[in-house]
Amino acid sequence: MKHSIKNIFALGLLAAAMSVNASDTTTVETDVVEAEVYDVTLEALSVEEEQGLIFMREEEKLARDVYLTLYDAWGLSVFKNVAESEQTHTDTIKLLIEKYQLADPVIDDTVGVFTDYHFTETYEALVEMGTASLEGALQVGNMIEELDIKDIAEAISKIDGNDDIVGVYEELTKGSRNHLRSFWDVLTSNGFTYEPQFISQEEFDAIINSPMETSNLK
């Protein structure tokens with residue numbers, strides 16, 4: 001997964017939209033997810049499963065932090081709305097970290113502060129891209145959601161059992177697909193196009209051509 005996140009540094013700015021309105025229409029039932037997490041019997045975690053949770057906790061924080069920063073820069077509601085969703089996502093991963101008694105990597109919840117220096121570098125690169133132009137900011141939104149979808153799929157593929165973790169990851173993926181749809185709507189409403197960077201064109205098209213999903217998380 002770290003190899004995927006490093007790929008961001010190699011990407012240039014692409015064409016993007018100039019619209020200011022997009023929203024996430026996912027149903028939020030965080031209490032349902034929390035109940036499901038604790039209703040599932042505690043099972044042993046593999047090293048890869050532990051690493052996946054630690055990584056995902058900071059990756060979801062990364063998304064939140066970038067969107068909060070870009071909202072401050074541009075005042076676009078799409079960044080504020082999705083940042084709120086990403087807060088829910090990282091908090092939900094924290095539930096799993098606490099359940100399995102892992103060390104939480106988010107020692108300092110300050111925007112832009114991470115335990116893994118790869119996230120610090122990535123945050124700085126994305127913010128630089130996103131604050132250079134509104135165009136770049138909207139491209140960053142699409143890239144982050146693509147990357148989340150890719151990394152969560154990889155994390156799920158490494159899980160053996162542990163239905164609670166799989167269930168949370170699946171809910172996060174629904175949210176990320178909805179976020180991608182929101183950013184795509186901003187692009188197309190202004191006559192711009194976007195080429196996927198981290199998932200296949202086929203998967204990308206399937207997501208944007210399907211309706212918003214109902215989920216227990218934003």
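**Cavities and the helix beside them**

Modeller: A search of the whole structure finds 2 cavities of 30 Å³ or more, where a cavity is a set of points, on a 1 Å grid over the protein atoms alone, at which a 1.4 Å probe fits but cannot get out, and its lining residues have an atom within 4 Å of a point. A volume is the space filled by probe spheres set on the points, with grid points joined across faces, edges and corners. This is a predicted model, in which local features need pLDDT of at least 70 and side-chain atom pairs count only at pLDDT 80 or more, while totals for chains, interfaces and linings use all residues. Residues are numbered from 1 along each chain as its sequence is written, and side-chain values use heavy atoms, with hydrogens and water left out.

The largest cavity has a volume of about 60 Å³, and of the 10 residues that line it, Glu 48, Glu 49, Gly 52, Ala 155 and Ile 159 lie nearest its centre. Helices H3 and H7 each supply at least two residues of this lining, and H3 gives the most, with 4 residues; helices here are DSSP runs (H or I, at least four residues) numbered from the N terminus. By class, the lining of the largest cavity has 6 nonpolar, 1 polar and 3 charged residues, where Ala, Val, Leu, Ile, Met, Phe, Trp, Tyr, Cys and Pro count as nonpolar, Asp, Glu, Lys and Arg as charged, and the others, Gly among them, as polar.

The second largest cavity holds about 30 Å³ of space, and its lining consists of Glu 59, Leu 62, Ala 63, Ile 144, Leu 147 and Asp 148. H3 and H6 are the elements that give two or more residues to this lining, which divides into 4 nonpolar, no polar and 2 charged residues.

Helix H3 spans residues 47-74 and also holds Lys 61, which counts as buried because its relative accessibility is 0%, buried meaning under 20% relative accessible area with a 1.4 Å probe and protein chains only. The side chain of Lys 61 makes a polar contact of 2.5 Å with that of Asp 65, and it also reaches the backbone oxygen of Val 113 at 2.9 Å; a polar contact is a pair of N or O atoms within 3.5 Å, and within protein one must be able to donate a hydrogen and the other to accept it, while residues adjacent in sequence count only if both atoms are side-chain atoms.

Definitions and conventions: Buried means under 20% relative accessible area, exposed over 50%, partly exposed in between (1.4 Å probe, protein chains only). On a 1 Å grid over the protein atoms alone, a cavity is a set of points where a 1.4 Å probe fits but cannot get out, and a pocket is an open set with protein on both sides within 12 Å along at least five of seven lines; lining residues have an atom within 4 Å of a point.
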